[in-house]
Amino acid sequence: MLRHEFQPGRLVAGLALTVAGILYAGDAADLWHTPWFTAIPLVVGGLCLAGAVGVAGHAIRRRRG
């Protein structure tokens, strides 16, 4: 198995989009009601947080090397 460098920004982005998908899947299955505008702040906030985490991770890797 090839090793790759850990990229925490992609992890955070994936988690934010997965949570948005789970919210709407639960709404589609009539488990709960999710308003249509919930995805916008969740996805935008998750992507902004992922960008910040990615920049911080890159700065930490650059300082170490």
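Thr34 is buried, with a relative accessible area of 7% (buried means under 20% relative accessible area, exposed over 50%, and partly exposed in between, with a 1.4 Å probe and protein chains only). The model is predicted: local features need pLDDT of at least 70, side-chain atom pairs count only at pLDDT 80 or more, and totals for chains, interfaces and linings use all residues. Residues are numbered from 1 along each chain as its sequence is written, and side-chain values use heavy atoms, with hydrogens and water left out.

Thr34 lies in the loop between α1 and α2. Helices (H or I, at least four residues) are DSSP runs, numbered from the N terminus. The side chain of Thr34 makes a polar contact with the side chain of Trp32, at 3.2 Å. It also reaches the backbone oxygen of Leu23 at 3.3 Å. A polar contact is a pair of N or O atoms within 3.5 Å; within protein, one must be able to donate a hydrogen and the other to accept it, and residues adjacent in sequence count only if both atoms are side-chain atoms. Neighbours within four places in sequence aside, Thr34 is in contact (heavy atoms within 4.5 Å) with Leu23, Tyr24 and Asp27.

Helix α1 covers residues 8-28, 21 residues in total. From first C-alpha to last, α1 reaches 30 Å, close to the 30 Å expected at 1.5 Å a residue. The expected span is 1.5 Å times one less than the number of residues. Buried in α1 are Pro8, Gly9, Val12, Ala13, Ala16, Ala20 and Gly26. Seen down the helix axis, these residues fall within an arc of 165 degrees, so they line one face of α1. The arc is that of the directions from the axis to the C-beta atoms. The buried residues of α1 pack against α2 (39-64). The face turned away from the buried side carries the exposed residues Arg10, Ile22 and Ala28.

Val19 is also found in α1. At 40% relative accessibility, Val19 is partly exposed. Just after α1, Asp30 takes a positive phi of about 60 degrees.

The structure holds 1 aromatic pair. Trp36 and Phe37 form this pair, which is edge-to-face, at 5.7 Å centre to centre and 85 degrees between the planes. Rings of Phe, Tyr and Trp (its six-membered ring) pair if their centres lie within 6.5 Å; planes under 30 degrees apart count as stacked, over 60 as edge-to-face and the rest as tilted. Trp36 is exposed at 68% relative accessible area, whereas Phe37 is partly exposed at 46%.

Note on methods
Helices (H or I, at least four residues) and strands (E, at least two) are DSSP runs, numbered from the N terminus.
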